[in-house]
Amino acid sequence: MNHIIAVLMALSLTLFSGCAFDDAEAYLTDAFHQAFGGEETAEGSCTVYFLDVGQGDSELIVTSTAAVLIDAGEQSAGGDVLADLQSYGVTQLDWVIATHPHADHIGGLPEILEYAAEHDDLSIENVMIPSLPNSQVPTTQTYEKFLDGVEANGLELTEAESITIDLGSAELEIIPSPGDDYSSLNDYSICVYLTCGETGFFFTGDASEPEEADLLESGALPHVQADVLKVGHHGSKESSTKEFLDAIEPQYAVISCGADNSYGHPTSEALARLTVYCGEQIWRTDEDGTVEITSDGTEISVQTTASA
């Protein structure tokens, strides 16, 4: 009640003091902050952490009111990702998105799920997986541990469908793979488009040429032009095709890969194609560590642990 009275008094003083409108608006804004504390949340604000998990993938999206984890690297990375969540003050994951069930993407999730099931300082609300043909559903120990972790949290898996998730100061559009007969699990990857005000981020999982082509042909990307691209499949030569990049038109690119990995990621072919759009604004977790990209809805800023 005292807060409301303070604002009403400020309004009365403003109206009867003959202030110009701009001055009055500033005066009322100051009064509101003094009465209620804090600052106004910027529309379209978000921070994305492209976590350094070695030869794997993991991204953390944090907005004004929500947090989303996309993948969590290999099993050995689970503890590091959990430590990152704690370091960034994340106590609730509104969504955990497993882009596809390869170990270098879901291997670290069981440790995080198990921790959330046993501790009060982290909760997980929803877990999403791609829709897979029955013949492609894994029977690996890693996948079974992942399922056990979901069950331990009392959750049911959500299969990806074309929906938009409200994250407060941003929106998350889920773009399922349009195909149902790929030879590789990579091409069933869930893609995600994050909109923060006037800026956009596109996350690809391990999508390579077959899924990229189907996304374009199906019309799933009619409006997607992303400032930031999480490069598909660690920068393999089969990903980030020219046609796909022509549609996305990224200005910044982030490649998640391990130092001196045996796959030769990122490849010179992928880097050459990315450079056409991004120039020198290409970051790699093997060289730059965790890459932190923040948007205020208009401008984008980049920091890395290597340069911190």
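This report describes the disulfide, the salt bridges, the cavities and some backbone features of a predicted model.

**The disulfide**

A disulfide is a covalent bond between the sulfur atoms of two cysteines. In this structure the count comes to one disulfide. Cys-46 and Cys-196 form the bond, with their sulfur atoms 2.0 Å apart. Cys-46 lies in strand 1 and Cys-196 in strand 11, so the pair ties together parts that are 150 residues apart in sequence. The angle about the S-S bond is 115°, and the link of Cys-46 and Cys-196 is right-handed. Both cysteines of the pair, Cys-46 and Cys-196, are buried.

Cys-196 can be described in more detail. Strand 11, in which Cys-196 is found, covers residues 191-196. The relative accessibility of Cys-196 is 0%, and values under 20% count as buried, so Cys-196 is classed as buried. Leaving out residues up to four places away in sequence, Cys-196 touches Gly-44, Cys-46, Ser-169, Ala-170, Phe-201, Ser-295 and Gly-297. One of these contacts, Gly-297, is 101 residues away from Cys-196 in sequence, yet the two C-alpha atoms are 5.2 Å apart in space.

Two further cysteines have computed accessibilities. Cys-191 is buried, at 0% relative accessibility. Cys-257 is also buried, with a relative accessible area of 1%.

**Salt bridges**

Side chains of opposite charge can pair when their charged atoms come close. The structure holds four salt bridges.

| Asp-57 | Lys-230 | 2.7 Å |

Which parts of the chain are joined by the salt bridge of Asp-57 and Lys-230? The side chains of Asp-57 and Lys-230 meet at 2.7 Å, N to O. Asp-57 lies in the loop between strand 1 (46-50) and strand 2 (59-63), and Lys-230 in strand 13 (residues 228-230), so the pair ties together parts that are 173 residues apart in sequence. Asp-57 and Lys-230 are both buried.

Asp-246 and Lys-242 are four residues apart in helix 8 (residues 242-248), so about one helical turn separates them. Asp-246 is partly exposed, with a relative accessible area of 32%. Lys-242 has a relative accessible area of 52% and is exposed.

Glu-287 and Arg-284 are part of a network of salt bridges that also includes Asp-286. Glu-287 counts as exposed, at 52% relative accessibility. Arg-284, in contrast, is buried, with a relative accessible area of 18%.

**Cavities**

How many cavities of 30 Å³ or more does a search of the whole structure find? The search finds two. The largest cavity has a volume of about 40 Å³. Its lining is made of Ala-98, His-100, Pro-101, Ile-106, Ile-129, Pro-130, Leu-132, Tyr-143 and Phe-146. Of the residues in this lining, eight are nonpolar, one is polar and none is charged.

The second largest cavity holds about 30 Å³ of space. Phe-50, Leu-51, Ser-58, Glu-59, Lys-230, Val-254, Ile-255, Ser-256 and Thr-285 line the second largest cavity. This lining divides into four nonpolar, three polar and two charged residues. Lys-230, one of the lining residues, is also the salt-bridge partner of Asp-57.

**Backbone features in loops**

The peptide bond from His-265 to Pro-266 is cis, with omega near -5°. Pro-266 lies in the loop between strand 14 (252-255) and helix 9 (268-278).

Asp-71 is a residue other than glycine with a positive phi, near 65°. The loop that holds Asp-71 runs between strand 3 (67-70) and helix 3 (78-87). Asp-71 is buried, and its relative accessible area is 0%.

His-233 also has a positive phi in a residue other than glycine, with a value near 50°. His-233 is found in the loop between strand 13 and helix 8. At 17% relative accessibility, His-233 counts as buried, because the limit for that class is under 20%.

Note on methods
Residues numbered from 1 in each chain as written. Predicted model: local features only at pLDDT ≥ 70, side-chain atom pairs only at ≥ 80, totals over all residues. Heavy atoms only, no water. 1 Å grid on protein atoms, 1.4 Å probe; cavity = no way out; pocket = protein on both sides within 12 Å on 5 of 7 lines; lining within 4 Å. Points joined across faces, edges and corners; volume = space filled by probe spheres on them. Nonpolar A, V, L, I, M, F, W, Y, C, P; charged D, E, K, R; others polar. Helix = DSSP H or I, 4+ residues; strand = E, 2+ residues; numbered from the N terminus. Buried < 20%, exposed > 50% of the residue type's maximum accessible area, 1.4 Å probe, protein only. Contact = heavy atoms within 4.5 Å. Disulfide = S-S within 2.5 Å.
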